[in-house]
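Trainee: Could you go through a structure with me? I would like to begin with the ligands.

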Amino acid sequence: MRVLILGGDGFCGWPTALHLSAVGHEVAIVDNLSRRNIDNELEVTSLTPIAPMSTRLAAWEAHTGVAIPFHRFDVATQYHRLLGLLSEFHPDAVVHFAEQRSAPYSMKSSAHKRYTVANNLNATNSLLAAIVEAGLDVHVVHLGTMGVYGYGTAGMKIPEGYLRVKVETDDGDVVEQEILYPPNPGSIYHLTKTQDQLLFAYYAKNDEIRVTDLHQGIVWGTQTPETSLDERLVNRFDYDGDYGTVLNRFLMQAAVGHPLTVHGTGGQTRAFIHIRDTVRCIQLAIESPPARGERVRILNQMTETHRVQDLAKLVSSLTGAEIAYVDNPRNEAAENELFVENRQLLDLGLEPITLAEGLLAEVSDIAQRYRDRCDLEKIPARSLWRAGTGPGVAALG
Ligand code: NAD
Ligand code: USQ
């Protein structure tokens, strides 16, 4: 298949591009390098030394003989570049990662809120409008988030996208329907993902665009077999207070001797998936597309749920790291249960990598190896969900 990867320089996009290329798909990448520019803005770098794009691509070609074309432009604002590329490359599938993905970054200021909304919604709408204008039958595979559901349940498993409801009509009959699970975002970033869902539902209904929306949990780990081939192919590892996600942060903190920064009581339960399973899930999704005219296919892309305090205790037991319970900078439930349905990807053949198998290798291979590149100043999470709250300002509530 011909596969266009939007956001193919990022943490999930780069290993996905290499994996799909390795299994024989014809891959091209689009990225505006905004993530690298945000590193400049935040004055931080990936813990792993990521190579410039041309070096990455040359290394891949040297190892495999396969060239991956790279197009540097902004999917949200350079509509005609996108339209031209779609018409010329004629992809069977487009994998859409090209969004601002950090919740703390999206909450830093009104400018960051506006950027995140404009970038994410325009990227998604431009892609869908361009597919319609180009007259193509393309399968769009989008990376959504578990956070569209919120993280609470009424004691049931969170279903894969749609909730079966019974409604009483005016004449007393009971009608059963499936509706999009009620959105309940916890940040401006997560809000954009709930709005993406409506764009997909509309274009699937009106234009019969085939869409798979992968509601992904928190990705942990760094390397895949392809990115491990050569240091020039190494994947990025974000550890800073804005882009670092919780488990990778704990692994890095343990490696540099920093206490593990548990927000609040650590009673928050979240869904997780290893990066090697991410790339495999995307392959499974593009290789089993929905039919034209089918409603948006929604899959929960996660393999395990864990409570933040349990993750901290696990990393501490493996490494001897101290645990620090810090005031939570976010406005989120202090405690929640989380049960998630993920049958569809398992039925397609996913064999999950568990935390138990992968954690120690990650600590020694990546966090220890690159620990000297860590800037300790960048570890605290300083982005506040509400002005006048958070670390050093409010007591835990
Ligand atoms: P990332 O920031 O590392 O990668 C996103 C890439 O898209 C970057 O290279 C960036 O430069 C590019 N990009 C952003 N806006 C663009 C635009 N307008 N035009 C062109 N390129 C643009 O993020 P990631 O961790 O790889 O996440 C990829 C996707 O997966 C995101 O949509 C994110 O919401 C989703 N996701 C990520 C995680 C996670 O834990 N990392 C979990 C669930 C879902
Ligand atoms: N947390 C800590 N300590 C830290 C960092 C985070 O306790 O040092 C807590 C947070 O308060 C939160 C939880 O860990 O309760 C998860 O935070 P996170 O930064 O790991 O994840 P999140 O902000 O939810 O975002 C990440 C990705 C996002 C993706 C989402 C999937 O950045 O792109 O959509 O995970 S999910 O969480 O399932 O919605």
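Trainee: How many residues surround ligand 2, and which are the closest?

Mentor: This is a predicted model. In it, ligand 2 is surrounded by 23 residues, and the closest are Thr145, Tyr189, Val246, Thr261 and Glu332.

Trainee: Which atom of ligand 2 is 2.6 Å from a polar backbone atom of Thr261?

Mentor: That is a nitrogen atom of ligand 2. With Glu332, a polar side-chain atom lies 2.6 Å from an oxygen atom of the ligand. Arg330 also takes part: an N or O atom in its side chain is 2.7 Å from an oxygen atom of ligand 2.

Trainee: And how much of the accessible area of ligand 2 does the protein cover?

Mentor: On its own, ligand 2 has 730 Å² of accessible area, and the protein covers 96% of it. Two or more residues of the shell come from each of H7, helix H8 (246–256) and strand S10 (260–263).

Trainee: Which element gives the largest share of that shell?

Mentor: S10 does, with three residues. Sorted by class, the shell around ligand 2 holds eight nonpolar, ten polar and five charged residues.

Trainee: Let us turn to ligand 1. Which residues are closest there?

Mentor: Cys12, Asp31, Asn119, Tyr189 and Lys193 are the closest of the 28 residues that surround ligand 1.

Trainee: What lies 2.6 Å from the side chain of Asp31?

Mentor: An oxygen atom of ligand 1 is at that distance from an N or O atom of the Asp31 side chain. For Asn119, the distance from a side-chain N or O atom to a nitrogen atom of the ligand is 2.8 Å. Lys193 places a polar side-chain atom 2.7 Å from an oxygen atom of ligand 1. The protein buries 97% of the 820 Å² that ligand 1 exposes when taken alone.

Trainee: Which elements each supply at least two residues of its shell?

Mentor: They are helix H2 (34–42), strand S5 (139–145), helix H7 (188–207) and strand S9 (218–220). The shell around ligand 1 has twelve nonpolar, eight polar and eight charged residues.

Trainee: What does the side chain of His96 make a polar contact with?

Mentor: The partner is the side chain of Thr124, at 3.0 Å. Beyond its neighbours within four places in sequence, His96 is in contact with several residues, among them Leu6, Ala123, Leu127 and Val141.

Terms used:
Residues are numbered from 1 along each chain as its sequence is written. Chains are lettered from A and ligands numbered from 1 in the order in which they are written. This is a predicted model: local features need pLDDT of at least 70, side-chain atom pairs count only at pLDDT 80 or more; totals for chains, interfaces and linings use all residues. Side-chain values use heavy atoms; hydrogens and water are left out. A polar contact is a pair of N or O atoms within 3.5 Å; within protein, one must be able to donate a hydrogen and the other to accept it, and residues adjacent in sequence count only if both atoms are side-chain atoms. Contact means heavy atoms within 4.5 Å. A residue is near a molecule or strand if one of its heavy atoms lies within 4 Å of it. Accessible areas come from the Shrake-Rupley method with a 1.4 Å probe; for residues, only the protein chains shown count as cover. Helices (H or I, at least four residues) and strands (E, at least two) are DSSP runs, numbered from the N terminus. Ala, Val, Leu, Ile, Met, Phe, Trp, Tyr, Cys and Pro count as nonpolar, Asp, Glu, Lys and Arg as charged, and the others, Gly among them, as polar.
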